[in-house]
Amino acid sequence: MKNRYLVPERRWFVGLAVVGLIGAVLFLSNAIRTSETSYVCPGALGIRSKTRTEFSYDASPIQLRAIMHYATSRVVPQQSVSEIKISLDVIKSLGRPINFLVFGLGHDSLMWASFNPGGTTVFLEEDPKWVHSILKDAPGLRAHTVRYRTQLRDAKGLITSYRSEPSCSPTKAYLRGNEACKLALENLPDEVYETEWDMIMIDAPKGYFAEAPGRMAAVFSAAVMARNRKGSGVTHVFLHDVDRKVEKVYAEEFLCKKNLVKGVGRLWHFEIPPSNDTRASRFC
(Lines give C-alpha, C1' and ligand atoms only; values in the text may rest on other atoms or scores of the structure.)
Protein backbone atom coordinates (compact mmCIF):
# COMPACT_ATOMS: atom_id res chain seq x y z
CA MET A 1 0.00 0.00 0.00
CA LYS A 2 1.38 3.34 -1.01
CA ASN A 3 1.15 6.15 1.51
CA ARG A 4 -0.28 8.58 -1.01
CA TYR A 5 -3.44 6.48 -1.18
CA LEU A 6 -4.24 7.05 2.49
CA VAL A 7 -7.01 9.56 3.17
CA PRO A 8 -5.99 12.43 5.49
CA GLU A 9 -7.97 11.01 8.42
CA ARG A 10 -6.26 7.65 7.97
CA ARG A 11 -2.80 9.28 7.85
CA TRP A 12 -3.54 11.23 11.02
CA PHE A 13 -4.76 8.15 12.89
CA VAL A 14 -1.80 5.97 11.86
CA GLY A 15 0.69 8.73 12.66
CA LEU A 16 -0.72 9.22 16.16
CA ALA A 17 -0.85 5.46 16.74
CA VAL A 18 2.80 5.05 15.75
CA VAL A 19 3.81 7.86 18.12
CA GLY A 20 1.89 6.05 20.85
CA LEU A 21 3.62 2.74 20.12
CA ILE A 22 7.04 4.38 20.20
CA GLY A 23 6.11 6.03 23.49
CA ALA A 24 5.16 2.62 24.89
CA VAL A 25 8.51 1.18 23.82
CA LEU A 26 10.28 4.13 25.39
CA PHE A 27 8.51 3.55 28.68
CA LEU A 28 9.15 -0.22 28.69
CA SER A 29 12.80 0.10 27.69
CA ASN A 30 13.63 2.58 30.42
CA ALA A 31 15.70 1.24 33.26
CA ILE A 32 13.80 0.62 36.45
CA ARG A 33 16.17 1.13 39.33
CA THR A 34 15.23 -0.19 42.71
CA SER A 35 17.20 1.10 45.66
CA GLU A 36 16.96 0.63 49.37
CA THR A 37 16.75 3.94 51.23
CA SER A 38 16.86 4.29 54.99
CA TYR A 39 15.24 6.99 57.00
CA VAL A 40 14.47 7.69 60.68
CA CYS A 41 10.76 7.63 61.43
CA PRO A 42 9.58 10.52 63.56
CA GLY A 43 8.70 9.26 67.05
CA ALA A 44 10.35 5.90 66.41
CA LEU A 45 13.41 4.56 68.10
CA GLY A 46 14.77 2.54 65.20
CA ILE A 47 15.60 2.84 61.51
CA ARG A 48 13.30 1.36 58.94
CA SER A 49 14.02 0.53 55.31
CA LYS A 50 11.75 1.43 52.44
CA THR A 51 11.89 0.13 48.88
CA ARG A 52 11.67 2.84 46.26
CA THR A 53 11.32 2.24 42.54
CA GLU A 54 12.93 4.89 40.40
CA PHE A 55 12.22 5.35 36.70
CA SER A 56 14.68 6.69 34.17
CA TYR A 57 12.88 8.40 31.31
CA ASP A 58 15.91 8.97 29.10
CA ALA A 59 15.00 8.43 25.46
CA SER A 60 17.52 7.33 22.87
CA PRO A 61 18.24 9.79 20.04
CA ILE A 62 16.59 7.49 17.49
CA GLN A 63 13.40 7.34 19.59
CA LEU A 64 13.24 11.11 19.98
CA ARG A 65 13.78 11.58 16.25
CA ALA A 66 11.07 9.04 15.45
CA ILE A 67 8.53 10.64 17.78
CA MET A 68 9.20 14.06 16.27
CA HIS A 69 9.04 12.68 12.73
CA TYR A 70 5.73 10.84 13.04
CA ALA A 71 4.13 13.53 15.16
CA THR A 72 4.77 16.21 12.53
CA SER A 73 4.81 14.32 9.22
CA ARG A 74 1.94 13.49 6.88
CA VAL A 75 3.92 10.44 5.72
CA VAL A 76 3.17 7.32 7.75
CA PRO A 77 4.37 3.67 7.75
CA GLN A 78 3.06 1.30 5.10
CA GLN A 79 1.83 -1.33 7.54
CA SER A 80 -1.37 -0.94 9.53
CA VAL A 81 -1.27 -0.41 13.28
CA SER A 82 -2.47 -3.99 13.91
CA GLU A 83 0.27 -5.36 11.65
CA ILE A 84 2.94 -3.23 13.32
CA LYS A 85 1.81 -4.40 16.74
CA ILE A 86 2.63 -8.05 15.93
CA SER A 87 6.30 -7.21 15.48
CA LEU A 88 6.35 -4.90 18.50
CA ASP A 89 4.85 -7.61 20.69
CA VAL A 90 7.64 -10.00 19.70
CA ILE A 91 10.32 -7.40 20.44
CA LYS A 92 8.79 -6.79 23.87
CA SER A 93 8.54 -10.53 24.56
CA LEU A 94 12.25 -11.03 23.89
CA GLY A 95 12.99 -8.49 26.61
CA ARG A 96 16.41 -7.41 25.35
CA PRO A 97 18.09 -5.52 22.50
CA ILE A 98 17.86 -7.71 19.42
CA ASN A 99 19.38 -8.19 15.98
CA PHE A 100 16.74 -7.02 13.52
CA LEU A 101 17.16 -7.29 9.73
CA VAL A 102 14.68 -5.40 7.56
CA PHE A 103 14.28 -5.88 3.81
CA GLY A 104 13.19 -2.44 2.71
CA LEU A 105 14.01 1.14 3.63
CA GLY A 106 11.26 3.71 3.81
CA HIS A 107 8.94 5.85 5.84
CA ASP A 108 8.63 3.15 8.52
CA SER A 109 12.38 2.70 9.06
CA LEU A 110 12.69 5.22 11.89
CA MET A 111 9.87 3.41 13.64
CA TRP A 112 11.53 -0.02 13.39
CA ALA A 113 14.84 1.36 14.64
CA SER A 114 13.14 3.14 17.56
CA PHE A 115 11.51 -0.13 18.62
CA ASN A 116 14.98 -1.63 19.12
CA PRO A 117 17.04 0.89 21.14
CA GLY A 118 20.43 -0.53 22.00
CA GLY A 119 20.03 -3.32 19.48
CA THR A 120 21.22 -3.76 15.90
CA THR A 121 18.74 -2.80 13.17
CA VAL A 122 19.94 -3.06 9.57
CA PHE A 123 17.99 -2.19 6.41
CA LEU A 124 18.50 -3.66 2.93
CA GLU A 125 17.25 -1.66 -0.06
CA GLU A 126 17.61 -2.13 -3.83
CA ASP A 127 17.37 1.52 -4.93
CA PRO A 128 20.54 3.61 -4.23
CA LYS A 129 18.72 6.90 -4.88
CA TRP A 130 16.01 5.98 -2.40
CA VAL A 131 18.65 5.06 0.20
CA HIS A 132 20.22 8.48 -0.23
CA SER A 133 16.84 10.20 0.06
CA ILE A 134 15.86 8.42 3.29
CA LEU A 135 19.27 8.73 4.95
CA LYS A 136 19.32 12.45 4.21
CA ASP A 137 16.45 12.85 6.69
CA ALA A 138 17.46 9.99 9.01
CA PRO A 139 21.27 9.72 8.92
CA GLY A 140 21.38 7.48 11.99
CA LEU A 141 19.84 4.51 10.17
CA ARG A 142 22.09 1.63 9.06
CA ALA A 143 21.26 0.78 5.46
CA HIS A 144 22.91 -1.13 2.60
CA THR A 145 22.13 -1.28 -1.09
CA VAL A 146 21.38 -4.78 -2.42
CA ARG A 147 21.63 -6.08 -5.98
CA TYR A 148 18.99 -8.67 -6.84
CA ARG A 149 19.46 -11.20 -9.64
CA THR A 150 15.78 -12.07 -9.98
CA GLN A 151 12.75 -10.61 -11.72
CA LEU A 152 9.16 -11.16 -10.72
CA ARG A 153 8.35 -12.61 -14.15
CA ASP A 154 10.69 -15.54 -13.35
CA ALA A 155 9.06 -16.44 -10.03
CA LYS A 156 7.25 -19.54 -11.32
CA GLY A 157 10.31 -20.95 -13.06
CA LEU A 158 12.62 -20.29 -10.10
CA ILE A 159 10.45 -22.16 -7.63
CA THR A 160 10.69 -25.30 -9.74
CA SER A 161 14.26 -25.03 -11.02
CA TYR A 162 15.84 -24.42 -7.61
CA ARG A 163 15.17 -28.03 -6.64
CA SER A 164 17.64 -29.27 -9.23
CA GLU A 165 20.45 -27.01 -7.99
CA PRO A 166 22.39 -28.67 -5.13
CA SER A 167 23.51 -25.36 -3.63
CA CYS A 168 19.83 -24.39 -3.20
CA SER A 169 18.89 -27.58 -1.35
CA PRO A 170 17.79 -27.29 2.28
CA THR A 171 20.71 -29.38 3.49
CA LYS A 172 23.42 -27.50 1.57
CA ALA A 173 22.05 -24.01 0.99
CA TYR A 174 24.26 -21.07 1.91
CA LEU A 175 24.30 -17.42 0.90
CA ARG A 176 27.69 -15.69 0.76
CA GLY A 177 29.27 -16.30 -2.65
CA ASN A 178 26.57 -18.76 -3.76
CA GLU A 179 26.30 -17.69 -7.38
CA ALA A 180 24.96 -21.05 -8.54
CA CYS A 181 21.70 -20.61 -6.63
CA LYS A 182 19.82 -17.67 -8.14
CA LEU A 183 17.60 -17.37 -5.10
CA ALA A 184 20.56 -16.86 -2.77
CA LEU A 185 21.53 -13.28 -1.93
CA GLU A 186 25.23 -13.87 -2.47
CA ASN A 187 26.63 -10.32 -2.32
CA LEU A 188 25.35 -8.86 0.94
CA PRO A 189 27.63 -6.93 3.35
CA ASP A 190 29.64 -9.11 5.72
CA GLU A 191 27.71 -7.97 8.79
CA VAL A 192 24.54 -9.50 7.37
CA TYR A 193 26.17 -12.92 7.03
CA GLU A 194 28.05 -12.74 10.32
CA THR A 195 25.08 -11.73 12.49
CA GLU A 196 22.48 -14.13 13.83
CA TRP A 197 19.21 -12.30 13.32
CA ASP A 198 16.50 -12.60 15.94
CA MET A 199 13.94 -10.96 13.67
CA ILE A 200 13.72 -10.56 9.89
CA MET A 201 11.11 -8.32 8.28
CA ILE A 202 10.47 -8.80 4.55
CA ASP A 203 8.66 -5.78 3.13
CA ALA A 204 10.83 -5.34 0.01
CA PRO A 205 12.03 -5.37 -2.70
CA LYS A 206 9.38 -4.23 -5.14
CA GLY A 207 7.10 -7.01 -6.30
CA TYR A 208 4.20 -5.51 -8.24
CA PHE A 209 5.43 -5.41 -11.87
CA ALA A 210 7.13 -7.95 -14.11
CA GLU A 211 10.59 -6.36 -14.17
CA ALA A 212 10.71 -5.82 -10.39
CA PRO A 213 13.09 -8.03 -8.38
CA GLY A 214 10.23 -9.63 -6.46
CA ARG A 215 10.64 -11.02 -2.97
CA MET A 216 11.61 -14.55 -3.99
CA ALA A 217 15.30 -14.19 -3.04
CA ALA A 218 14.48 -12.32 0.18
CA VAL A 219 12.14 -15.11 1.34
CA PHE A 220 14.59 -17.87 0.38
CA SER A 221 17.55 -16.11 2.01
CA ALA A 222 15.61 -15.42 5.21
CA ALA A 223 14.75 -19.11 5.40
CA VAL A 224 18.40 -20.09 4.96
CA MET A 225 19.54 -17.64 7.65
CA ALA A 226 16.93 -18.95 10.07
CA ARG A 227 17.65 -22.63 9.43
CA ASN A 228 21.41 -22.08 9.77
CA ARG A 229 21.06 -20.33 13.13
CA LYS A 230 23.65 -21.61 15.62
CA GLY A 231 22.31 -19.99 18.78
CA SER A 232 19.32 -21.04 20.82
CA GLY A 233 15.78 -20.06 20.03
CA VAL A 234 13.87 -19.44 16.83
CA THR A 235 14.16 -16.73 14.20
CA HIS A 236 11.04 -14.59 13.88
CA VAL A 237 10.35 -13.92 10.20
CA PHE A 238 7.65 -11.48 9.10
CA LEU A 239 6.41 -11.32 5.52
CA HIS A 240 4.23 -8.46 4.29
CA ASP A 241 1.89 -8.39 1.28
CA VAL A 242 0.87 -12.04 1.58
CA ASP A 243 -2.28 -11.17 -0.33
CA ARG A 244 -0.09 -11.37 -3.45
CA LYS A 245 0.41 -14.75 -5.11
CA VAL A 246 4.22 -14.82 -5.24
CA GLU A 247 4.65 -13.87 -1.58
CA LYS A 248 2.17 -16.53 -0.52
CA VAL A 249 3.60 -19.30 -2.69
CA TYR A 250 7.20 -18.63 -1.66
CA ALA A 251 6.23 -18.39 2.01
CA GLU A 252 4.57 -21.80 1.84
CA GLU A 253 7.59 -23.25 0.00
CA PHE A 254 10.40 -21.91 2.22
CA LEU A 255 9.00 -20.51 5.48
CA CYS A 256 6.46 -23.33 5.93
CA LYS A 257 2.88 -23.32 7.12
CA LYS A 258 3.84 -25.35 10.20
CA ASN A 259 5.98 -22.38 11.32
CA LEU A 260 3.21 -19.81 10.80
CA VAL A 261 2.13 -18.61 14.25
CA LYS A 262 0.08 -15.50 13.49
CA GLY A 263 -1.36 -13.48 10.66
CA VAL A 264 -3.01 -10.07 10.70
CA GLY A 265 -4.07 -8.13 7.63
CA ARG A 266 -1.42 -8.70 4.98
CA LEU A 267 1.31 -9.78 7.42
CA TRP A 268 2.37 -13.32 8.36
CA HIS A 269 4.59 -14.13 11.34
CA PHE A 270 6.72 -17.29 11.27
CA GLU A 271 8.87 -18.80 14.02
CA ILE A 272 11.58 -20.81 12.28
CA PRO A 273 13.79 -23.13 14.33
CA PRO A 274 17.36 -24.08 13.39
CA SER A 275 17.58 -27.24 11.30
CA ASN A 276 20.21 -29.98 11.42
CA ASP A 277 18.28 -32.37 9.18
CA THR A 278 20.84 -33.69 6.71
CA ARG A 279 18.28 -35.77 4.79
CA ALA A 280 15.62 -33.17 4.04
CA SER A 281 14.74 -32.85 0.36
CA ARG A 282 12.34 -29.92 0.85
CA PHE A 283 12.34 -26.86 3.09
CA CYS A 284 8.80 -27.70 4.22
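Predicted model: local features only at pLDDT ≥ 70, side-chain atom pairs only at ≥ 80, totals over all residues.

User: Which residues of α9 are buried?

Analyst: Helix α9 covers residues 245–255 and lies across β7 and β9. Among the elements that cover its buried residues are α6 (155–161) and α8 (216–227), together with β7 and β9. Taking buried as under 20% relative accessible area, the residues in question are Glu247, Tyr250, Ala251, Glu253, Phe254 and Leu255.

User: At what angle does α9 run to β9?

Analyst: Helix α9 lies across both β7 and β9, and β9 comprises residues 267–272. Its direction relative to β9 is given by an angle of about 10°.

User: In what order do the strands of the open sheet lie?

Analyst: The sheet has seven strands with mixed pairing. Its edge strands, each pairing on one side only, are β5 (142–145) and β8 (260–264), while neighbouring strands are turned by 15° against each other on average, direction ignored. Read across, the order is β5-β4-β3-β6-β7-β9-β8.

User: Which residue in β5 does Val122 stand opposite?

Analyst: Strand β4, residues 120–125, pairs with β5 in the parallel sense over four bridges. Opposite Val122 stands Arg142.

User: What angle does the direction of α3 make with that of β7?

Analyst: Helix α3 (residues 81–94) packs on the sheet, where it touches β3 (99–103), β6 (199–202), β7 (235–240), β8 and β9. Its direction makes an angle with that of β7 of about 170°.

Notes
Residues numbered from 1 in each chain as written. Heavy atoms only, no water. Pairing = 2+ DSSP bridges. Helix = DSSP H or I, 4+ residues; strand = E, 2+ residues; numbered from the N terminus. Axes fitted to C-alpha atoms, helices over the stretch in contact; angles between N-to-C directions. Contact = heavy atoms within 4.5 Å. Buried < 20%, exposed > 50% of the residue type's maximum accessible area, 1.4 Å probe, protein only.
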